[in-house]
Amino acid sequence: MAARGPLTPTACARVAAVAVLRGACSGLHVSPLAPPPYQADVAARYDATWSAMVRALARENVPIRAIARDSGVIASDDFIAPIGVYADCGRVGSDLVEGEALVAFTLFAEPNGTWTRVLVNSKMRTHMQRKGSSGKLRPTPVYQCASTGRFEANLLDAVRELVKE
């Protein structure tokens, strides 16, 4: 191999840029696309739907931060759920973010004659995570997550069953 002289400033800058880009691409966090708020209609009057929502949340042991029947709002406190169940926290490079997420939901119920419209907003972020299935769970960095829609669908299925009782 022939010996080469020192790198020129331009060559040094190119080598540094390639090294930075390779490092940045391998650790780039790709957030999941956030779905729109979950919306569903329940074929029951407001009072029956409201009672069913409260019972369904109690059955799931969801901590409630605020509840206001007159305005139709129930807000959960943050609770921990495994990433992948209620929360999709995206990828870091080609590895899925795994671990635990802090999730919170706000439910809005609105009467409309003989049925009730329910809207569910979600807010999620990582609590303890790792890249892929190996490694230690860590609290940082914190990534924003999106709902998988599973909590909302299961909750509304339970509400529909409870209003039939």
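Begin by selecting Arg91, whose bridge partner in E8 is Leu96. Arg91 belongs to strand E7 (residues 91-92), which runs antiparallel to E8 and is joined to E8 by two bridges. Two strands are said to pair if DSSP finds at least two bridges between them. Strands (E, at least two residues) and helices (H or I, at least four) are DSSP runs, numbered from the N terminus.

A word on the model is needed before the next stop. This is a predicted model, in which local features need pLDDT of at least 70, side-chain atom pairs count only at pLDDT 80 or more, and totals for chains, interfaces and linings use all residues. Residues are numbered from 1 along each chain as its sequence is written, and side-chain values use heavy atoms, with hydrogens and water left out.

Next, select Gly93. The hairpin of E7 and E8 has two residues between the strands, and Gly93 takes a positive phi near 65° there.

Now select Leu28, in the loop between helix H1 (9-26) and strand E1 (29-30). Which residues does Leu28 contact, leaving aside its neighbours within four places in sequence? They are Arg91, Val92 and Gly93, where contact means heavy atoms within 4.5 Å. Although Leu28 and Val92 are 64 residues apart along the chain, their C-alpha atoms are separated by 5.4 Å. Leu28 has a relative accessible area of 49% and is therefore partly exposed; this class lies between buried (under 20%) and exposed (over 50%), with a 1.4 Å probe and protein chains only.

Return to E8 and select residues 95-112. Several strands can be examined alongside E8:

- Strand E4 (residues 73-76) runs antiparallel to E8, with three bridges joining them; Ile74 has Leu107 as its bridge partner in E8.
- Strand E5 (residues 79-82) pairs with E8 in the antiparallel sense over four bridges; Ala81 stands opposite Ala101 in E8.
- Strand E9 (residues 115-131) and E8 pair in the antiparallel sense over 16 bridges; the bridge partner of Gly99 in E9 is Gln129.

Select Gly113 as well: in the hairpin of E8 and E9, with two residues between the strands, Gly113 takes a positive phi near 70°.

Finally, display the whole protein chain, which has three helices and 10 strands. Of its 165 residues, 30% are buried. Among contacts with a separation of 6 or more, 62% are between residues 24 or more positions apart.
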